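Student: Hey, I've just opened this one and I'm a bit lost. Can we walk through it together?
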Amino acid sequence: MPPEPLLTVRGLSKTFHQRRWWGGNAPDITALEDVSFTLDRGRTLAIVGPSGSGKSTLARCLAGLETPTSGEIRFSGAPVEMQLIFQQPAASLNPRFTAAEVVEEPLVIQGRGWRADRRRKAELVLEEVGLPASVLDRRSQLLSGGERQRLAIARALVVEPRLIILDESIVGLDVGLQQQIAGLLIDLQSRSSLSYILISHDLDLAAGLASEIAVMDHGRIVEQVPAAGLKTTASHPLTRELIAAAKVLAT
Amino acid sequence: MRYLARRLLHGAFLLVGVSVLSFLFSDLAPGDYYSELQSDPRVSAATLAALRTQNGLDRPLPVRYATWLKSIGRGDFGYSLAYQGPVGPLLAQRIPGTLLLTGLATALGWLLSVPLGIWSAARRRSWPEASLKVILSVLLSIPELLMAIALLALAVQTGCLPAGGLHSPGRADALDALRHLVIPVTVLTLGLLPILVRHVRSAVSEALDAPFALAAAAHGIPWRRLLFRHVLPVAMNPLISLFGLSLGSLLSASLLVEVLTGWPGLGPLFLDAIFARDYAVVLGVVMISTAFLIGGNMVADLLLYRADPRIRG
């Protein structure tokens with residue numbers, strides 16, 4: 001029998017009911033419709049699609065921030081072993097916290113370790129994401145954009161997760177920095193069989209990081225193909241369109 | 001340290017500016033202390049002129065200003081024609097009363113408005129919060145004058161509280177003074193409360209809506225920790241500056257309330273001096289109030305300096 005996948009999603013649907021402010025109901029919005037996929041340990045699934053295709057709703061359902069209308073999410077691990085990194089991770093850091101406080105906070109909430117242990121753990125994790133120990137006591141608002149990206153990743157890493165969901169977390173960076181962060185993510189994966197779900201509208205980035213690519217449109221997964229050889233295997237018109245729009249893949 | 005020196009220098013300049021302007025304006029106002037006597041047939045014009053000369057009212061403006069400044073240096077704050085003595089001791093006698101009122105009202109106002117503001121920011125768009133907002137809007141629209149009169153009328157009607165002054169006749173104990181404090185302090189606190197609560201609410205809700213707070217909430221950080229560790233430290237800065245400002249507005253409200261409730265503070269002294277055209281006393285009260293105001297803002301600046309590393313940088 002093959003080992004159980006890390007994450008199994010079956011028939012996931014999410015409908016938003018809208019209320020008009022003067023009473024009565026507006027038409028429902030179906031954000032997700034019958035979404036199914038599995039993800040194994042140490043693999044990366046990219047979910048790509050245009051704006052409004054339901055990518056972020058999927059991420060939020062997985063992370064438990066939304067309750068799905070129907071369907072099943074099975075994660076073989078403790079809830080805390082799934083970590084979500086938001087869009088604009090740099091803005092998601094408290095400007096008044098020092099780097100050490102940012103990284104240690106999940107441990108404090110979990111009630112893990114003594115002060116000195118937590119500090120040591122923070123130092124280790126910062127080293128893992130390539131931040132020098134000198135930033136430990138610097139407030140996050142004084143760090144550069146790239147350093148804050150790394151800090152947001154360190155914050156997710158500190159609880160030793162099995163799955164990290166990156167919701168458009170590395171878009172909006174300059175290309176060099178994006179490459180650096182992508183390299184860091186691959187590096188971390190090879191060291192500790194981490195899995196990623198990468199939510200993105202950038203097919204170039206997705207193809208560079210992921211082993212599988214799922215294409216979403218209007219709340220459905222319209223196609224799921226291996227990242228390698230994407231150009232030849234993809235058949236759905238939307239996928240072809242996204243490939244045509246991507247810079248690197250098109251050439 | 002340089003920041004402190006700069007603030008002190010700034011405050012000193014402001015004091016000098018206020019002294020020049022208020023001296024000028026008091027001189028521009030028509031009439032002087034002896035104008036009343038002009039209509040008295042028993043006092044001759046020559047006597048009036050002699051009195052004015054004797055008290056230096058006929059000397060040129062810069063000379064009088066210089067004399068006044070010198071007397072401030074001695075702590076006299078000029079010579080009161082109505083009280084026939086230096087202004088300094090008069091002020092010293094009244095300052096504690098005003099400080100007691102404003103100090104109590106400031107402490108009470110902030111103690112009430114910080115929890116109320118946090119509570120209302122945390123419970124936005126719920127009906128208890130909406131009703132608090134209505135109550136505060138009503139309070140905001142009632143002038144302190146009206147509120148004081150209403151409370152005094154109530155006190156007289158029911159007889160449960162003394163209607164003015166510092167002591168009841170024949171009593172001088174602390175409990176009695178405390179009972180006399182209730183009405184003026186209530187009026188001042190209620191006047192201050194709506195403004196403070198609104199500011200606390202908006203500062204806290206702004207911090208609650210910041211991306212980092214949303215992210216923290218989504219990360220499952222417990223509500224209490226989110227509020228006290230993440231949101232409040234960020235919301236603090238605008239409130240600290242507000243603290244300095246609140247002292248100023250409270251001081252002017254206090255003068256009015258003191259007059260109405262017969263509280264022995266600077267207010268009644270100020271009003272009597274204006275009616276009597278006893279300008280030395282008027283100027284003295286203005287200078288002391290300005291000094292309070294500048295001092296309050298200086299304290300706020302120092303607190304801000306301690307709280308926010310960006311100012312230090």
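Student: How far apart do the C-alpha centres of domain 1 of chain B and domain 2 of chain B lie?
Tutor: They lie 32 Å apart. Keep in mind that this is a predicted model. Domain 1 of chain B covers 2-87 and domain 2 covers 92-312.
Student: How many residues from domain 1 of chain B and from domain 2 of chain B does the contact take?
Tutor: Domain 1 of chain B gives 21 residues and domain 2 of chain B gives 17 residues.
Student: On the side of domain 1 of chain B that touches domain 2 of chain B, where does the largest share come from?
Tutor: From α1(B), with ten residues. Both α1 (2-28) and β1 (79-80) of chain B supply at least two residues there. That side of domain 1 of chain B has eleven nonpolar, eight polar and two charged residues.
Student: New topic, helices. At what angle do α10 and α11 of chain B pack?
Tutor: About 85 degrees, with their axes 7 Å apart. α10(B) and α11(B) are therefore roughly perpendicular to each other.
Student: Which residues meet there, in α10(B) and α11(B)?
Tutor: Among them are Leu255(B) and Val259(B) in α10(B), and Phe270(B) and Leu271(B) in α11(B). The residues of this contact divide into seven nonpolar, two polar and one charged.
Student: Over to chain A. Are the residues Met82(A), Gln83(A), Leu84(A) and Ile85(A) of β5 buried or exposed?
Tutor: All are buried. Met82(A) and Leu84(A) point one way from the strand, while Gln83(A) and Ile85(A) point the other way.
Student: And how many bridges join β5(A) to β6(A)?
Tutor: Four, and the two strands run parallel. Gln83(A) stands opposite Ile164(A) in β6(A).

Terms used:
Residues numbered from 1 in each chain as written. Chains lettered and ligands numbered in written order. Predicted model: local features only at pLDDT ≥ 70, side-chain atom pairs only at ≥ 80, totals over all residues. Axes fitted to C-alpha atoms, helices over the stretch in contact; angles between N-to-C directions. Parallel < 35°, antiparallel > 145°, perpendicular 65-115°, else oblique. Contact = placed C-beta atoms within 7 Å. Nonpolar A, V, L, I, M, F, W, Y, C, P; charged D, E, K, R; others polar. Buried ≥ 20, exposed ≤ 12 C-beta atoms within 10 Å, placed from the backbone. Pairing = 2+ DSSP bridges. Domains from an automatic or database assignment.
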